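Welcome to this short tour! Please open your viewer and get ready to select a few residues as we go.

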Amino acid sequence: QVQLVESGGGLVQPGGSLRLSCAASGSIFKINVMDWYRQAPGKQRELVARITESGMTNYADSVKGRFTISRDNAKNTVYLQMNSLKPEDTAVYYCHAEVVEVTRYTYSYWGQGTQVTVSS
């Protein structure tokens, strides 16, 4: 079993910044892909940013140039630096990871979610 624990959400004014963190722990051999998703009230969950084990990234068009995803493989942790935040970025942000466990089986795991609210 693997657990993903997120931190760093909160309330911020438009134009401000937040940094989210997600630490994975448990029976981990390696982590292939780590992602951040978000879900706003009344909307579907959407992919915000993705990073592979080798560091390749991709972003939703709505956050390109404002958000940066990174990871520390030694710590099994992924980060999301969010700058120039807008009210439309308000959502619950979820961490997701594709984990190869010590058994060599691959499983998909989700964090519990962290609220990000952008408001004046």
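In what order do the four strands of the open sheet lie? Show the model as a cartoon, remembering that it is a predicted one, and follow the strands across: the order is 1-3-8-7, and the pairing is antiparallel. Strands of a sheet pair through backbone hydrogen bonds, either parallel or antiparallel.

Next, colour the two edges. These are strand 1 (2-7) and strand 7 (67-72), and each of them pairs on one side only. Going from one strand to the next, the twist averages 15 degrees.

For a closer look, pick Thr68 and look across to strand 8: the residue opposite is Gln81.

Now for the other stop on our tour. Select Cys22 and Cys95 and show their side chains: they form a disulfide, with the sulfur atoms 2.1 Å apart. Where in the chain do these partners sit? Cys22 belongs to strand 3 (residues 18-26) and Cys95 to strand 9 (residues 91-101), so to speak two distant parts of the chain, 73 residues apart, linked by the pair. A disulfide is a covalent bond between the sulfur atoms of two cysteines, and this structure holds one.

Zoom in on the S-S bond of Cys22 and Cys95. Its torsion is about -80 degrees, so the disulfide is left-handed.

Key
Residues numbered from 1 in each chain as written. Predicted model: local features only at pLDDT ≥ 70, side-chain atom pairs only at ≥ 80, totals over all residues. Heavy atoms only, no water. Disulfide = S-S within 2.5 Å. Pairing = 2+ DSSP bridges. Axes fitted to C-alpha atoms, helices over the stretch in contact; angles between N-to-C directions.
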